[in-house]
Amino acid sequence: MEKIYIKDEYIKLGQAMKLSGLSESGVDAKFAITEGNVRVNGEIEVQRGKKLREGDVFEFQGVKVQGDHKGISDGAEVIAVLLDLICQ
């Protein structure tokens with residue numbers, strides 16, 4: 001399972017899809033979600049504004065992604081996490 005690191009209390013589903021790289025744009029995320037192609041915690045979700053919190057899992061095209069706050073405490077760590085994700 002892949003992870004995305006969220007810095008706030010929640011992240012919206014469409015934003016999470018872009019952050020994870022499963023969607024290239026907000027428009028792509030919107031269509032995937034509203035067409036019922038995305039699951040959140042095992043249930044089909046059609047609201048792109050659905051708030052995901054730490055521990056929530058979303059799935060698109062067989063890829064599962066979990067939100068996590070671990071390791072995020074300041075800007076330098078955020079940059080390090082993003083660089084790690086890019087280099088994978």
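## The nonpolar patch and helix α3

Helix α3 (residues 75-87) supplies the largest share of the nonpolar patch, namely four residues. The patch as a whole is made of Leu 19, Ile 79, Leu 82, Leu 83 and Ile 86, and together these have about 470 Å² of accessible area. To count for a patch, a residue needs over 30% relative accessible area and no salt bridge; like charges are joined within 9 Å, and nonpolar side chains (Val, Leu, Ile, Met, Phe, Trp, Tyr) within 5 Å. The areas come from the Shrake-Rupley method with a 1.4 Å probe, and for residues only the protein chains shown count as cover.

Take Leu 83, which sits in helix α3. Is Leu 83 buried, partly exposed or exposed? Leu 83 counts as partly exposed, because its relative accessibility is 48%. (Buried means under 20% relative accessible area, exposed over 50%, and partly exposed in between, with a 1.4 Å probe and protein chains only.)

## What you're looking at

This is a predicted model: local features need pLDDT of at least 70, side-chain atom pairs count only at pLDDT 80 or more, and totals for chains, interfaces and linings use all residues. Residues are numbered from 1 along each chain as its sequence is written, and side-chain values use heavy atoms, with hydrogens and water left out.

The protein chain has three helices and seven strands, and along the sequence they run β-β-α-α-β-β-β-β-β-α. Helices (H or I, at least four residues) and strands (E, at least two) are DSSP runs, numbered from the N terminus. Of the 88 residues in the chain, 28% are buried.

## One face of helix α1

Now for helix α1 (residues 13-20), whose buried residues are Leu 13, Gly 14, Ala 16, Met 17 and Ser 20. Looking down the axis of α1, these buried residues fall within an arc of 160 degrees, so they line one face of the helix. That arc is taken from the directions from the helix axis to the C-beta atoms. Just after α1 comes Gly 21, with a positive phi of about 85 degrees.

## Salt bridges

How many salt bridges does a search of the whole structure find? It finds three. The rule is a side-chain nitrogen of Lys or Arg within 4 Å of a carboxyl oxygen of Asp or Glu. In one of them, Asp 68 pairs with Lys 3, with the closest N and O atoms 3.9 Å apart. This pair links distant parts of the chain, as Asp 68 is in strand β7 (residues 63-68) and Lys 3 in strand β1, 65 residues apart. Asp 68 counts as buried at 9% relative accessibility, while Lys 3 is partly exposed at 34%.

Arg 53 and Glu 9 form a salt bridge too, with their closest N and O atoms 3.5 Å apart. Here again distant parts of the chain are linked: Arg 53 belongs to strand β5 and Glu 9 to the loop between β1 and β2 (10-12), 44 residues apart. Arg 53 is partly exposed at 35%, and Glu 9 is exposed at 54%.

## A buried spot and a positive patch

Strand β1 (residues 2-5) also holds Ile 4, which counts as buried because its relative accessibility is 2%. The C-alpha atoms of Ile 4 and His 69 are 8.5 Å apart, although the two residues are separated by 65 residues along the chain.

Lys 51 lies in strand β5 (residues 51-53) and is partly exposed at 38% relative accessibility.
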